[in-house]
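Please keep the sequence and the model in view while reading.

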Amino acid sequence: MGSHFEHLKLPRIINIELPRRVTGGFGGTKRTNVNEHGKQLLDQISTLVDPVKQKTSPFRLDPKLIFKIKVAKKQSFPDDLVTQIGLNVLAREPNKAIVVFSCDKELAEFKKRLESYSQIKDGPKYEYFGAIDELVPLEPEDRIGRLLELKPVQPDEIAALDLELWHTGDRKEMRKYLDDIADVLESLTSDATPMRMSDSYIGEYLCIARIKVTYEVLELLLLEKIVKEIDRPPQPGFERTGDYNLPISSFPEVVPPPEDNCGILVIDSGVLRGHPLIAPVLGEAEVFPDAKRKIIEGGPDDVVGHGTSVAGLAIYGNIENCIKQGSFDPTAWLFSARVTDENGKYDEDILVETQLDQAIRAFVEQYPNCKVINISLGNADQIYRTGLKQFRLAAKIDEIAYQYQHKNILFVISAGNAFYEEAQSNEQLRTDYPNYLLNKSARIIDPATSAIALTVGSLSFGRGSITEPSDVRRQAIANLSGYPSPFTRTGFGVDGMVKPDVVDFGGDFVLDLTYRKGIDLPKVNILPDSVAGVSVITLSKDFNSSLFHICSGTSFAAPCIANLAAQLVTKYPQASSNLVRALIVNSALLPKEIPPEFQCKDKKSQSEQIKKQLAIYGYGQPNLQRAMYSAENYVVLSEDNILIKVGYFHIYEIPQLPPDFIKTKGTRILSICLAFDPPTRPTRGDSYLGVTMEFDLFKGIDRQTLMNAYEAASKTSSADEPTENTKKKLTEKYGAGIVVKLSPGSTVRKKGTVQRGQVEITPRATKYNDGPMTLIVSCNRKWANPDEIEMQRYALVASISHSDPQVNLYNRMKLQINQRSDREQERQRGRV
């Protein structure tokens, strides 16, 4: 963004009463044209088989018959059926296509059954073939990896590439393939073009090699059917590991932040109070695990090291950037509550909820600027499952957040780290990545299910090891920046809430694929979380030998968000915790690179893919500048500390978009974000939240017409779904175009306490120029007692952005808001 501007106020119009909620108690269609369909499949088999028989590979490779079975929508074709027709499954793709191979180059069994299915010959009907749409070959472009796609090999380049072959399950066969390729490369090499295979690995599921080839040889390899993918290897992030061991004298003196800057309470294993980058910023450190009032080993100091690593990121944010710049400027004060012993365990005599409660109350009540609380601890045995009630610790956090509304404290919690338990060997982490992240065992854990906290998942840097960058046996699992970390835990949360809420960088896993002498099976280990290049750089507890160390985990993504939150609280000291949450979530962007498994490729699968993205990324990765400032082409409108009666509507106006906003080429995004902090109750299986809220946005319809419709709905419509009924009646009368279709839809987003809906406005979009848009916010009662809870507070953020920085959006929006405010003041004076 260019110039920085202060956010604008979102104009609110009117309240409308809404009635209180009354509490009360192989599948698919068979094909009719089986004869024609069967003949088409037989023709496609002929096309697949003939090239295999005729083609001679320049690499002298056995021409394995590998192709795709495209399965019809709403149909399935299980593995046992694939085996029955004489094929073997190599992979299943996100679009339901099955990659298969056959040792029988004639596909005899497959053809025999298809002839019976198509009624060419008598025999069983084999109706399951109706699930197959078509049989297609794999093309060279299917074998190009994403990094290679982004940076193609040039005609004059000799490129180091990672070659992966389709693993048939026969290691000896795979070894022969690699040996044949290596022999050909060696025969083609010369002083001018030194080509070779420098390393290789064959495991149960992986067959990979590091090769160095010319553009011409790459083109030949891409024609080979046994080749699964060729890609550029991940690049290391730093030139040398010595960067982490810079002497203390290399850094200038750390100047503490201003006294009134926000403080972050890190509830963890303590901190090293003597660390030269912590001591000047440390407000206070205490111990809270001790039932018998004994001073545990180390006192408030960090014996384990985890808390020091988390704290460093909380007070400095991106430490890697600090090292590069040679300047450490803390943006927040640090408070530390040690809740574990010297072995990293909780006190066996005290409830964790008690420790948490005592720690938070002690710091929040004593230090008014202690507003952000980071918890990078979790219980890996408490994995959330759909339909479960809220966990105890998460419920305690929500209870404290609600009790301390007047203090406006904000919890930031790591999603937790998952291990792919279903993997028969660790190398499956790579072959099954990223799909396993949506497994039940990878769901978020206690206390990441907290409804009012910001839960943080993890992203990979997309870099390789810098210690041994050319070693093909050292494989980073995620190879593009912004891909989900292979250990990040995923949503959804209680009652289907979007969790995690956001993500940030937390590192990657590196697989060590090495052989043990005399043993045929490979030993596959995940290297320690200190692999240079793929990991997060933060502070080390052993600062006398090294100020920094490297580690990976969602534990280290969360404090980066805590740091961002603290900077927002410092910028807006009167802001509620709801506004801070809304600004953070509204600023979040999905990474530029998303695994194909989670991309939205067509409208039919869009809804399901969006749910996958939400489960992995939440609303995306927050951006401090977008959260803190508006710009000429990016306008944020906000309203804070709003009290709404439970059972009421609030109506807001989004100023009319200027003409050049639509006419000027570029990407146009409209976003609405709502955050509220309701009462919660873990015993309620019907609804964890006692109060729910939601919003809808309308365009091209008179505001008075909307107000009349909602007023009528408050008297006549169902108490359970008044807004849905009202929208339905309005669209039936005025057309579907009046509703701005925000993504995700209301059904998904309204389940959480921070909700964002976005829409990309295309040049063909209608009604956006027909005056201001109208935003309707509603508050509904679930189980909250009307005598105890009459009002609910919330914050609201709306943003409009254009990718072209020349679009002067800010000043035009500001002028409209000021003019409306002036008219309202004149109207008020006229009433006096």
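## Basis of the description

Two strands are said to pair if DSSP finds at least two bridges between them. Helices (H or I, at least four residues) and strands (E, at least two) are DSSP runs, numbered from the N terminus.

The model is predicted, and local features need pLDDT of at least 70, side-chain atom pairs count only at pLDDT 80 or more, and totals for chains, interfaces and linings use all residues. Residues are numbered from 1 along each chain as its sequence is written, and side-chain values use heavy atoms, with hydrogens and water left out.

## Strand β17 and its partners

Strand β15 (residues 370-375) runs parallel to β17, to which four bridges join it. Within this pairing, I373 has F411 of β17 as its bridge partner. β17 also pairs with strand β19 (residues 454-459), again in the parallel sense, over three bridges.

Strand β17 (residues 410-414) is mostly covered, with five of its five residues buried; buried means under 20% relative accessible area, exposed over 50%, and partly exposed in between (1.4 Å probe, protein chains only). One side of β17 carries L410, V412 and S414, the other F411 and I413, and both faces are covered.

## An open antiparallel sheet

Four strands, in the order β4-β5-β3-β6, form an open sheet with antiparallel pairing. Its edge strands are β4 (88-92) and β6, each of which pairs on one side only. From one strand to the next, the twist averages 30°; axes are lines fitted to C-alpha atoms, for helices over the stretch in contact, and angles run from 0 to 180 degrees between N-to-C directions.

Strand β3 (residues 65-71) is joined to β6 by five bridges, and the two run antiparallel. V71 has I132 as its bridge partner in β6. V136 belongs to strand β6 (residues 132-137). Is V136 buried or exposed? V136 counts as buried, because its relative accessible area is 15%. Leaving out residues up to four places away in sequence, V136 touches L48, F67, K68 and K70, where contact means heavy atoms within 4.5 Å. The C-alpha atoms of V136 and T47 are 8.9 Å apart, although 89 residues separate the two along the chain.

## The nonpolar cores

A nonpolar core is a set of buried Ala, Val, Leu, Ile, Met, Phe, Trp, Tyr and Cys residues joined through side-chain atoms within 4.5 Å. The largest one holds 76 residues, and those with the most contacts inside it are Y316, I319, F328, V372, F548 and L568. Helix α12 (residues 558-571) gives the most to this core, contributing nine residues. Another core lies apart from it and has 50 residues, including I654, V740, L775 and Y810.

## Helix packing

Helix α7 (residues 306-316) packs against α12 at an angle of about 30°, and the axes are 7 Å apart. That angle makes α7 roughly parallel to α12, since angles under 35 degrees count as roughly parallel, over 145 as roughly antiparallel, 65 to 115 as roughly perpendicular and the rest as oblique. On the side of α7 the contact is made by V310, L313, A314, I315 and Y316, and on the side of α12 by P559, C560 and N563.

## Buried positions elsewhere

Helix α13 (residues 577-587) is mostly covered, with 11 of its 11 residues buried. A394 lies in helix α10 (residues 392-403) and is buried, with a relative accessible area of 0%. Not counting residues up to four places away in sequence, A394 touches D446, P447, T449, S450 and Y688. A394 and A453 stand 59 residues apart in sequence and 8.9 Å apart in space, C-alpha to C-alpha.

Where does T490 lie? T490 is found in the loop between β21 (474-476) and β22 (502-505), and its relative accessible area of 0% makes it buried. Apart from neighbours within four places in sequence, T490 is in contact with L437, L438, A442, R443, I444, K499, P500, A615 and I616. Q613 sits in helix α14 (residues 603-617) and counts as buried at 10% relative accessibility. Leaving aside neighbours within four places in sequence, the contacts of Q613 are L590, I594, F598, Q599, C600 and G618.
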